[in-house]
Amino acid sequence: MKLAELIKNNVHDHYSIRKPYMIAEAGVNHEGSMDLAKRLIEEAAEGGAQAIKFQTYKASTLASKDSPSYWDRSKEPTASQFELFQKYDSFWKNEYEELKVACDEFGIEFMSTAFDAESAHFLNDLMDVFKISSSDLTNHPFIELQCSFGKPILLSTGASTINEISDAVAVINNCNVPLSLMHCVLNYPTQNENAHLGMIKSLQKHFPDYIIGYSDHTLPQDMEVCLNATLLGAEILEKHFTHDKTLPGNDHYHAMDMHDLRKFNELVDHTFELLGVFDKAPLESEEISRQNARRSLVADRDIPMGKVIEKDDLTWKRPAHGISPADMSSILGKEAAKDIEEDTVLQYEMFK
């Protein structure tokens, strides 16, 4: 299912879970190389992501020159947002059109987060869903602009209060477009103890009418954070993606790679095999146990023909090939239609 269809259909049930839609967040990990960007697309598709997302911005319209950093300076030493963003803002309309073609060739959905009005307009021709970053959750005019295209919105909620999220949801609802909310923690990287995946349940509680997802910034390690988010009901996952996790700087150090993505999909497949179905019912494989491990009513002593059945005439033993103990009242007070020996599994035809 395409992401737009998933959000539009809004078919979810918070008592059960389903396999998540995975977005590989390439961001600007292409570092201005078209060959590398296409490699990221190919590897994301091979790893099993349903979509790959880039980030589209110009440093001059995104951050002032005195904007301080908010990332781990030991991993990315650049102190100014403007300086960092300026390093990777070379891709624009023509480049993203080329990347969209490459995504189509590899069978993976193209997405990119727009960070200004111009990029929002040209990206509208290339994608079916607008992703709004946590940093723009309070930027209501920009949210309204992206809603004006009439496409579903995927809204990250990092560093936000419930009231701020509610205000943004109201803006989007006024525009009458489908919406999904993403739990997110704005630490780069996010330590596992700061992931607070329980907030997924809070979003489900406060916003029960929307599909809830999770945008992850933890270190990939064994991908357990994303798996646990899935088990809590996150139906859309987004995680930074790179071709080489050892590269310094920017978003490489907390990104997954193709191998992490494959491992995650294997974990999800195995987990869902264990989860099975969510509606409680006996399984076909349990039928022999239902028949042989449950009990039937059994004659606790010899019962002569014509005797009126009392409780003291009865006991219950395995197997469940006769009258269930749950139905004992149905034979109490009835007459035995034949002589019944002690330890006989009782059947209805034995009684008048």
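User: How many salt bridges does a search of the whole structure find?

Analyst: The search finds 18. A salt bridge here is a side-chain nitrogen of Lys or Arg within 4 Å of a carboxyl oxygen of Asp or Glu. Please keep in mind that this is a predicted model, where local features need pLDDT of at least 70, side-chain atom pairs count only at pLDDT 80 or more, and totals for chains, interfaces and linings use all residues. Residues are numbered from 1 along each chain as its sequence is written, and side-chain values use heavy atoms, with hydrogens and water left out.

User: What makes Asp-104 and Lys-100 a salt bridge?

Analyst: Their side chains come to 2.8 Å, N to O, and the cut-off is within 4 Å, so the pair qualifies. Both residues sit in helix H5 (residues 93–106), four residues apart, about one turn of the helix.

User: Why is Lys-100 called partly exposed?

Analyst: Buried means under 20% relative accessible area, exposed means over 50%, and partly exposed is in between (1.4 Å probe, protein chains only). Lys-100 has 21% relative accessibility, so it counts as partly exposed.

User: Which residues are linked in a network of salt bridges?

Analyst: The network links Glu-25, Lys-53, Lys-131 and Glu-238.

User: Why is Ser-180 called buried?

Analyst: Its relative accessible area is 0%, so Ser-180 is buried. Ser-180 belongs to strand E6 (residues 179–184), and a polar atom of its side chain lies 2.7 Å from the backbone oxygen of Ile-211.

User: What about Ser-160, and why is it called partly exposed?

Analyst: Ser-160 has a relative accessible area of 23%, so it is partly exposed. This serine is found in the loop between strand E5 (153–156) and helix H8 (162–174).

Key. Helices (H or I, at least four residues) and strands (E, at least two) are DSSP runs, numbered from the N terminus. A polar contact is a pair of N or O atoms within 3.5 Å; within protein, one must be able to donate a hydrogen and the other to accept it, and residues adjacent in sequence count only if both atoms are side-chain atoms.
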